[in-house]
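Hi,

Here is the structure I promised to pass on. Have a look at it first, then read my notes below.

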Amino acid sequence: MPRTTGGRRVTRRNVLQSGGAVGLAAMAGGCLGGADGNGDNGSNEITMILNPAESDVDIRSQYQPLVDHIESEVDVTISLDRAASYAATLQAIRSDRAHLADTSPSAAVAGRGVADVVGIRVAYGAAQYFSLITTTPDSGIEELTDLEGETIAMASPLSVSGTLVPMTMLKKAGLDTGSAPDGDPVDFTAQHSDHSTAAEQLLNNPDVAAASTGAFSTAPYVPQEQFDELSDDFAEISTEYEDAGTEDEELQLLAVSDPLPRAPIMARSNWDDPVREDVEEAILNAEPEDLSHGDDYEGEELWFSSVVEGSHEDYDPIKEVLDELGLEFEDIS
């Protein structure tokens with residue numbers, strides 16, 4: 001953890017680079033690489049495998065602030081590797097080819113015994129987010145069961161917040177979801193696209209009766225009092241609550257999910273080196289400014305501003321969704 005001297009943050013690397021480096025390095029023993037090393041081959045290089053969330057993003061450049069931050073706090077070199085799929089991130093951990101993984105919530109479910117949850121990514125000020133099902137005020141739809149025989153605009157078939165969680169909400173309400181998302185629902189038509197398109201289809205296409213999206217997409221169309229009526233958690237947890245109802249057009253809220261954990265950063269369970277604790281502390285202590293690019297950066301910013309401590313139990317809601325729909329990790333990775 002960084003120490004502070006005279007208002008200036010002092011990192012482990014700062015100390016080693018100072019005149020007292022020899023003595024303090026001796027105190028640190030094998031924790032800082034050198035002969036004992038931090039990786040598994042005697043080197044101080046650590047490999048972090050990244051998720052492939054969006055194919056057109058230069059993910060190595062995107063994650064460079066996190067690399068720079070860890071390397072400024074701990075005497076290690078971070079090597080970034082991009083996986084071809086979420087399953088591949090977990091496979092890299094299983095085969096000891098990576099020490100750290102930035103991966104999907106479902107990997108936290110599938111990775112028990114192989115990878116430990118270091119922390120949960122925080123985006124827009126929250127480590128949890130929500131799924132919504134909305135309709136238009138004049139649709140005549142009052143509750144989820146009224147959607148029988150109707151068309152619902154949804155995000156991609158394997159989107160957690162835009163499809164999988166809403167499917168379980170509709171199923172629990174009594175609608176027959178059939179073999180969805182692998183197959184078609186029985187009691188309604190699922191029209192898949194993405195979160196934004198689903199919201200636009202609901203607003204502009206009278207044949208669409210409802211939309212299922214992440215709250216980030218449709219909450220601005222829903223007045224705050226509707227969230228207050230349907231959820232005990234949304235106002236307290238969701239960063240979308242502040243802007244709820246600020247759009248000119250209005251949507252009617254039909255259902256709000258329970259809080260869902262954002263994606264985890266995980267560490268290989270059998271990574272047995274004292275430096276691991278330092279690396280994990282560096283990740284959990286990163287401030288938003290540590291994870292930001294400079295003004296001259298023109299690429300995609302990191303999808304999170306900090307990481308909070310987490311565990312496998314935080315991802316039990318995702319496990320329940322997968323179990324409810326009969327899905328395995330490989331089905332959605």
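**What I found**

Y124 is exposed, with a relative accessible area of 66% (buried means under 20%, exposed over 50%, and partly exposed in between, with a 1.4 Å probe and protein chains only). Before you go further: this is a predicted model, where local features need pLDDT of at least 70, side-chain atom pairs count only at pLDDT 80 or more, and totals for chains, interfaces and linings use all residues. Residues are numbered from 1 along each chain as its sequence is written, and side-chain values use heavy atoms, with hydrogens and water left out.

Back to Y124: its phi is near 55°, a positive value in a residue other than glycine. You'll find Y124 in the loop between strand 6 (115-122) and strand 7 (128-129). (Helices, H or I with at least four residues, and strands, E with at least two, are DSSP runs numbered from the N terminus.) D96 also has a positive phi, about 60°, and is not a glycine either. D96 sits in the loop between helix 5 (86-94) and strand 5 (100-102), and at 41% relative accessibility it counts as partly exposed.

Strand 8 (residues 131-135) and strand 12 run antiparallel, joined by four bridges; T135 has Q252 of strand 12 as its bridge partner.

What else does helix 7 meet? The axes of helix 7 (residues 160-173) and helix 13 (residues 316-325) come within 10 Å and cross at roughly 65°. Helix 7 contributes V160, L164, V165, M167, T168, K171 and K172 to the contact, and helix 13 contributes I318, V321, E324 and L325.

One last thing to look up: a cis peptide bond joins A180 and P181, with omega about 10°. P181 is in the loop between helix 7 and strand 10.

Cheers

Conventions:
Axes fitted to C-alpha atoms, helices over the stretch in contact; angles between N-to-C directions. Contact = heavy atoms within 4.5 Å. Pairing = 2+ DSSP bridges.
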